[in-house]
Amino acid sequence: GEGRRRRRAAMTKKRRANGRNKPAGARGHVKRVRCESSGALVPKDKAVSRYIVRNLVDASALRDMQDASVIDGYALPKLYRKVYYSIAAAIHSRVVRVRSREDRKIRTPPPRFKPRPDKK
């Protein structure tokens with residue numbers, strides 16, 4: 001009948017934004033990015049993003065280059081890269097860990113370790 005519509009109880013939500021980084025009703029679609037390890041197309045606001053800063057030269061060759069260098073205190077160029085992972089690949093490659101229901105509510109980033117100053 002038309003007069004007797006029943007309201008369904010809303011399903012419980014696992015995450016506050018359904019695993020996306022956009023407020024509810026903000027926008028329809030976002031561009032997709034490629035996952036670094038699986039190659040899957042992931043919405044940019046859902047992907048796990050990491051900013052990787054690495055030395056262009058690996059640690060074993062670094063010492064040899066510093067000894068052979070003419071310029072004292074020459075700063076070696078670094079490799080800057082923004083990397084995106086799908087959730088499945090990020091969990092599999094241990095970029096992020098599975099958290100308990102209570103821990104999922106914690107939105108503050110974990111404490112970062114300060115690089116210790118090199119002794120000379």
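Student: Which residues lie nearest the centre of the largest pocket, and how many residues line it?
Tutor: In this predicted model, Arg15, Gly19, Arg99, Arg104 and Arg107 lie nearest the centre of the largest pocket, and its lining comprises 39 residues.

Student: What volume does the largest pocket have?
Tutor: The volume of the largest pocket is about 1800 Å³.

Student: And what is the lining of the largest pocket like by class?
Tutor: There are 18 charged, 14 nonpolar and 7 polar residues in that lining.

Student: Which elements each supply at least two residues of the lining?
Tutor: Strands β3 (48–55) and β4 (78–85) do, as does helix α2 (87–92). Of the elements, β3 gives the most to the lining of the largest pocket, with 3 residues.

Student: Moving on, how much space lies in the second largest pocket?
Tutor: The second largest pocket holds about 240 Å³ of space.

Student: Which residues line the second largest pocket?
Tutor: The lining consists of Asn55, Leu62, Met65, Gln66, Ser69, Ile71, Asp72, Gly73, Tyr74, Ala75, Leu76 and Lys78. By class, 6 of the lining residues are nonpolar, 4 are polar and 2 are charged.

Student: Which helix gives the most to that lining?
Tutor: Helix α1, residues 59–68, gives the most, with 3 residues.

Student: Changing topic, how many salt bridges are found in the whole structure?
Tutor: A search of the whole structure finds 2 salt bridges. In one of them, Arg20 pairs with Asp45, and the closest N and O atoms are 2.8 Å apart.

Student: Which parts of the chain does that pair tie together?
Tutor: Arg20 belongs to the segment before β1 (32–34), whereas Asp45 sits in the loop between β2 (41–43) and β3, so the pair ties together parts that are 25 residues apart in sequence.

Student: Is Asp45 buried or exposed?
Tutor: Asp45 is buried, because its relative accessible area is 12% and the cut-off for buried is under 20%.

Student: What about Glu36, which residue does its side chain meet in a salt bridge?
Tutor: The side chain of Glu36 meets that of Arg81, with an N to O distance of 3.2 Å.

Student: What are the relative accessible areas of Glu36 and Arg81?
Tutor: Glu36 has a relative accessible area of 38% and is partly exposed. Arg81 is partly exposed as well, with a relative accessible area of 43%.

Terms used. Residues are numbered from 1 along each chain as its sequence is written. This is a predicted model: local features need pLDDT of at least 70, side-chain atom pairs count only at pLDDT 80 or more; totals for chains, interfaces and linings use all residues. Side-chain values use heavy atoms; hydrogens and water are left out. On a 1 Å grid over the protein atoms alone, a cavity is a set of points where a 1.4 Å probe fits but cannot get out, and a pocket is an open set with protein on both sides within 12 Å along at least five of seven lines; lining residues have an atom within 4 Å of a point. Grid points are joined across faces, edges and corners, and a volume is the space filled by probe spheres set on the points. Helices (H or I, at least four residues) and strands (E, at least two) are DSSP runs, numbered from the N terminus. Ala, Val, Leu, Ile, Met, Phe, Trp, Tyr, Cys and Pro count as nonpolar, Asp, Glu, Lys and Arg as charged, and the others, Gly among them, as polar. A salt bridge is a side-chain nitrogen of Lys or Arg within 4 Å of a carboxyl oxygen of Asp or Glu. Buried means under 20% relative accessible area, exposed over 50%, partly exposed in between (1.4 Å probe, protein chains only).
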